[in-house]
Amino acid sequence: MTLEGLFEITGTLAERPRAQMQPVGPGGDARPVLQMVLHDCGPFGMHVTATQPFPAGAIAQAHARAAQLQVGMQVRVQATWSRLHLHMPEVQHVFTTPSPTQEQANA
């Protein structure tokens, strides 16, 4: 059991949630997941893709949960910080910074 804290965000379902099979975890085993796209999340109105894995063999439960959720509903999702991923589809600039190893070599 992990004692890692949870990141939580609230948003509005932008698309109909989908239940599907997807590789999950370090082994990449196919498991049922609920895939959601949220908008108007957090103070900056971000878009978030959230995936909730279900136990192996629980595709019916994933479909049932998807059927309960409708576009326009406000939902709150939680994830551990280590499972949070940031995707920047467009950046304005890319800068290089010296690594600690390079800084030590130059000292």
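## The largest pocket

The largest pocket holds about 1,200 Å³ of space, a volume being the space filled by probe spheres set on grid points that are joined across faces, edges and corners. A pocket here is an open set of points on a 1 Å grid over the protein atoms alone, where a 1.4 Å probe fits and protein lies on both sides within 12 Å along at least five of seven lines; its lining residues have an atom within 4 Å of a point. This is a predicted model, in which local features need pLDDT of at least 70 and side-chain atom pairs count only at pLDDT 80 or more, while totals for chains, interfaces and linings use all residues. Residues are numbered from 1 along each chain as its sequence is written, and side-chain values use heavy atoms, with hydrogens and water left out.

The lining of the largest pocket comprises 28 residues, and Thr49, Ala50, Thr51, Arg83 and Leu84 are those that lie nearest the centre. At least two lining residues come from each of strand 1 (6-13), strand 2 (18-24), strand 3 (29-41), strand 4 (46-53) and strand 5 (74-80), strands being DSSP runs of E with at least two residues and helices runs of H or I with at least four, numbered from the N terminus. Strand 4 gives the largest share, eight residues. By class, the lining has 15 nonpolar, ten polar and three charged residues, where Ala, Val, Leu, Ile, Met, Phe, Trp, Tyr, Cys and Pro count as nonpolar, Asp, Glu, Lys and Arg as charged, and the others, Gly among them, as polar.

The loop between strand 5 and helix 2 (100-106) contains His87, which is exposed at 64% relative accessibility; exposed means over 50% relative accessible area, buried under 20% and partly exposed in between, with a 1.4 Å probe and protein chains only. Between His87 and Thr49 there are 9.9 Å from C-alpha to C-alpha, although the two residues are 38 apart in sequence.

Val94 is placed in the loop between strand 5 and helix 2 and is exposed, with a relative accessible area of 73%. Together with Leu86, Met88 and Val91, Val94 forms a nonpolar surface patch with about 470 Å² of accessible area. Such patches are made of residues with over 30% relative accessible area and no salt bridge, nonpolar side chains (Val, Leu, Ile, Met, Phe, Trp, Tyr) being joined within 5 Å and like charges within 9 Å. The areas come from the Shrake-Rupley method with a 1.4 Å probe, and for residues only the protein chains shown count as cover.

## Salt bridges

Side chains of opposite charge can pair when their charged atoms come close. A salt bridge is counted when a side-chain nitrogen of Lys or Arg is within 4 Å of a carboxyl oxygen of Asp or Glu, and the count comes to two. In one of them, Glu8 and Arg76 meet at 3.3 Å, N to O, a pair that links distant parts of the chain, with Glu8 in strand 1 and Arg76 in strand 5, 68 residues apart. Glu8 is partly exposed at 40%, whereas Arg76 is exposed at 58%.

Arg18 and Glu15 also meet in a salt bridge, at 3.7 Å, N to O. Arg18 is partly exposed at 37% relative accessibility, and Glu15 is partly exposed at 38%.

## Asp40

Asp40 has a phi near 55°, a positive value in a residue other than glycine. Asp40 is located in strand 3 and is exposed, with a relative accessible area of 52%.
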